[in-house]
Amino acid sequence: MDLDDNNINDFVKQAVKKDSLERPGNEFVPSLMDKINELKSEKDIIISASPIISKSGWFIILLIIISVFAVLFLSNSTTLSFPEYNFSFNNIISTYSSIDIPKVFLVGLSAFVFYFIIQIYVILKKTNNIYT
Amino acid sequence: MKPLDDNILITKTLGGDVKSFEQIVVRYNVMVYALAYRILKNREEAEEIAQDVFIKIYQSLKSFNMKSKLSTWIYRITYNASINKFKSQKRRIETTEIDRYAEFNNSSLPDAHHELSEKEKQKIINDSILKLPETDRIIITLYYYEELPVKEIAEITGLSAQNIKIKLFRSRQKLYEELKGKVN
């Protein structure tokens with residue numbers, strides 16, 4: 001006996017049962033959750049890795065730069081001179097004591113040395129925190 | 001205890017609670033695995049795809065639109081991953097047309113007078129579904145097992161609702177022809 005589509009629909013509905021679906025093995029969920037936990041740990045490490053120079057750090061650096069430039073622009077002279085120290089104990093050195101160094105170079109060099117020391121200090125501190 | 005809503009579980013997972021994600025896995029793992037299995041017809045590959053699907057879901061949960069249905073999103077990812085795997089293997093499983101299925105080795109069937117056990121009946125039904133073309137298997141599974149509306153199945157498979165209806169009609173005709181007289 002052939003049935004119409006509605007009856008066939010009912011027949012198929014009755015035939016299929018949700019509990020007859022193919023199921024994964026018992027270890028599926030635990031092994032998947034192990035992988036998810038691993039992923040989460042990796043994600044946590046990434047989240048905890050903050051930038052070496054914090055926002056407030058950048059703010060302080062910006063203030064220093066502005067101050068330096070302010071001093072530069074407010075000053076009339078274009079060069080800075082070493083103070084006339086008495087190097088008489090060493091004649092050779094004393095000959096260089098009056099050499100004029102461009103102000104921009106001196107400021108740049110000082111800033112470079114300052115940032116280099118700060119970076120070394122901050123990186124060492126960060127590295128110690130991660131590996132201890 | 002009433003199970004938590006999907007959106008609550010997602011929010012908790014995004015807040016770092018892995019146990020909430022486990023509840024999502026427990027809720028959907030059977031259907032995800034079944035969909036993958038019904039396309040790939042291989043247990044190991046289906047498990048592998050199901051694992052990849054849940055890992056992908058975990059990693060991209062942040063981009064999930066809470067206004068959408070989680071199940072639709074999960075099934076769409078599963079469908080696409082399984083179909084891609086199936087195509088990449090270029091392993092065209094010869095789909096035996098159920099119309100020509102008369103050649104089926106009847107000797108493997110239990111005696112007609114012998115009452116089929118529930119397990120035997122289910123095996124015959126599942127085997128019959130697996131003989132349908134891969135997309136039709138998914139449509140039948142989502143429509144009859146998961147009881148999803150045609151519109152949602154269209155969203156998952158990317159086919160038009162009209163196409164889904166046609167495929168459903170043809171598939172159930174084939175299933176009926178195959179199952180009548182074997183399963184009451």
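Modeller: Reading along the sequence, chain B goes α-α-α-α-α-α-α-α. Keep in mind this is a predicted model.

Colleague: How many helices and strands does chain B have?

Modeller: Eight helices and zero strands.

Colleague: And what percentage of chain B is buried?

Modeller: Buried residues are 34% of the 184 in chain B. Also, among its contacts with a separation of 6 or more, 66% are between residues 24 or more positions apart.

Colleague: Which residues touch the most other members of the largest nonpolar core?

Modeller: That core has 49 residues, and the ones touching the most other members are B:V32, B:L35, B:A36, B:A50, B:I139, B:L142 and B:Y143. Helix α2 of chain B, residues 18-40, gives the most to this core, with twelve residues.

Colleague: Where does the core lie relative to the domains of chain B?

Modeller: Between domain 1 (6-89) and domain 2 (98-179), because both give residues to it.

Colleague: What does B:L35 touch, leaving out residues up to four places away in sequence?

Modeller: B:Y75, B:T78, B:Y79, B:S82, B:I138 and B:T141.

Colleague: Switching to the interface: how many residues does each chain put in?

Modeller: Chain A puts in 25 residues and chain B 28. On the chain A side, α1 (5-15) and α2 (28-48) each supply at least two residues, and α2(A) has the largest share with nine.

Colleague: What's the chain A side like by class?

Modeller: The side touching chain B has 13 nonpolar, eight charged and four polar residues.

Methods. Residues numbered from 1 in each chain as written. Chains lettered and ligands numbered in written order. Predicted model: local features only at pLDDT ≥ 70, side-chain atom pairs only at ≥ 80, totals over all residues. Contact = placed C-beta atoms within 7 Å. Helix = DSSP H or I, 4+ residues; strand = E, 2+ residues; numbered from the N terminus. Nonpolar A, V, L, I, M, F, W, Y, C, P; charged D, E, K, R; others polar. Buried ≥ 20, exposed ≤ 12 C-beta atoms within 10 Å, placed from the backbone. Core = buried A, V, L, I, M, F, W, Y, C linked by C-beta atoms within 7 Å. Domains from an automatic or database assignment.
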